[in-house]
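Please take a moment to look at it before I go on.

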Amino acid sequence: MTDISGTCEDRFGKVRDVLAASLDNDDVGASVAVLVDGEPVVDLWGGYVDAARTVAWERDTITTVWSTTKTMTALCALVLADRGELDLDAPVAAYWPEFAAAGKEKTLVRHLLGHTAGLPDFEGPIAVEDLFDWPAVTARLAAQAPAWEPGTAGGYHSVTFGFLVGEVVRRVTGRSLGTYFAEEVAGPLGADFHIGLAAEHDHRVAPLIPDPQGDKPPGFLVGVSDSYSEAWRRAEVPAINGFGNARSVAAAQSALAGGGGLLSAAGAERVFEEQFHGEDRVLGAQMRYGLGYRLEGRTCSWGGWGGSVVLVDAENRMVVAYVMNQVLWDGGYARGLDVVMAAYDGIMG
């Protein structure tokens with residue numbers, strides 16, 4: 001059995017069992033965290049940083065979490081809205097005038113958060129390196145025509161989401177999304193999560209391990225190998241290149257469950273404002289989007305390509321997070337779902 005470190009309250013013992021089983025099966029290195037009422041009831045990690053299983057995953061090991069990063073970007077917008085600095089019902093162009101081009105003058109800020117803005121992809125060819133040039137990529141999106149009338153349909157904005165919401169945050173605050181997140185969210189909540197990773201943290205990074213099928217599926221813009229570069233770590237691509245572990249993901253998202261006093265009760269509740277419910281034009285699946293998160297009942301959640309996930313349960317004031325380094329395309333989310341279900345086993349007792 002793989003060694004597991006950390007703490008786990010007895011009633012959440014099943015979470016430890018699930019992590020152990022996963023590390024003995026598909027996983028190489030992983031971390032799991034559960035917070036209830038802002039307090040850690042599970043904080044576990046185990047396995048290895050490398051595919052050869054020679055370097056242990058440590059307490060402060062971090063890794064790329066792909067689209068779980070979107071929950072951090074959305075949280076920044078919710079904090080600004082709660083503070084009265086951002087009107088989610090205002091046109092994007094009220095903050096970002098250039099965005100009014102090509103029929104987007106009526107696009108609202110909430111459309112960006114709800115994946116209904118009609119900008120799910122970039123028009124024309126784009127390379128991974130292009131994503132590191134913030135002014136160029138946001139100018140490109142500002143000039144682009146929407147694929148549908150904003151607000152009338154939903155389609156997952158897999159990479160564009162972070163630039164769209166992030167540029168609004170930048171226009172409102174004068175700070176980049178990564179800087180605003182660090183100063184106003186991660187700092188106050190003590191969350192070791194980074195969008196734009198400083199060199200001092202490089203030694204803690206567990207490189208992602210690609211799926212046995214390859215670096216990336218057909219049609220994907222970004223592959224696992226792209227996450228290895230220094231340029232990737234330093235850049236802010238706030239839809240997909242956040243670095244953290246389960247503890248830090250849960251700590252940041254605890255703001256939606258009353259943790260840290262970052263959001264008022266009403267401000268946290270806004271995440272549940274439904275923006276879209278139907279078939280996602282990009283994913284081809286039934287989705288219900290709130291403000292930056294997938295909704296189901298009184299839970300809001302999202303995950304990252306290959307397996308990471310975070311879920312916030314407003315009713316039980318619980319946050320569950322799972323972060324790993326082994327990317328799996330098929331059934332990759334089953335690992336995180338098993339962790340979530342084990343956490344419910346503990347909370348329902």
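Let me begin with Lys104, whose charged end sits over the ring of Phe99, 4.8 Å from its centre; a charge counts as over a ring if NZ of Lys or CZ of Arg is within 6 Å of the ring centre and within 35 degrees of the ring normal. This is a predicted model, in which local features need pLDDT of at least 70 and side-chain atom pairs count only at pLDDT 80 or more, while totals for chains, interfaces and linings use all residues. Residues are numbered from 1 along each chain as its sequence is written, and side-chain values use heavy atoms, with hydrogens and water left out.

Phe99 itself is buried, at 0% relative accessibility, where buried means under 20% relative accessible area (1.4 Å probe, protein chains only).

Turning to ring pairs, the count comes to 10 aromatic pairs, taking rings of Phe, Tyr and Trp (its six-membered ring) with centres within 6.5 Å, and calling planes under 30 degrees apart stacked, over 60 edge-to-face and the rest tilted. Trp96 and Phe99 have ring centres 5.0 Å apart and planes at 40 degrees, so this pair is tilted. Phe181 and Phe193, by contrast, are edge-to-face, with 5.8 Å from centre to centre and 75 degrees between the planes.

Finally, Phe181 joins Phe163 and Leu256 as the residues touching the most other members of the largest nonpolar core, which has 83 residues; such a core is a set of buried Ala, Val, Leu, Ile, Met, Phe, Trp, Tyr and Cys residues joined through side-chain atoms within 4.5 Å.

Technical notes:
Buried < 20%, exposed > 50% of the residue type's maximum accessible area, 1.4 Å probe, protein only.
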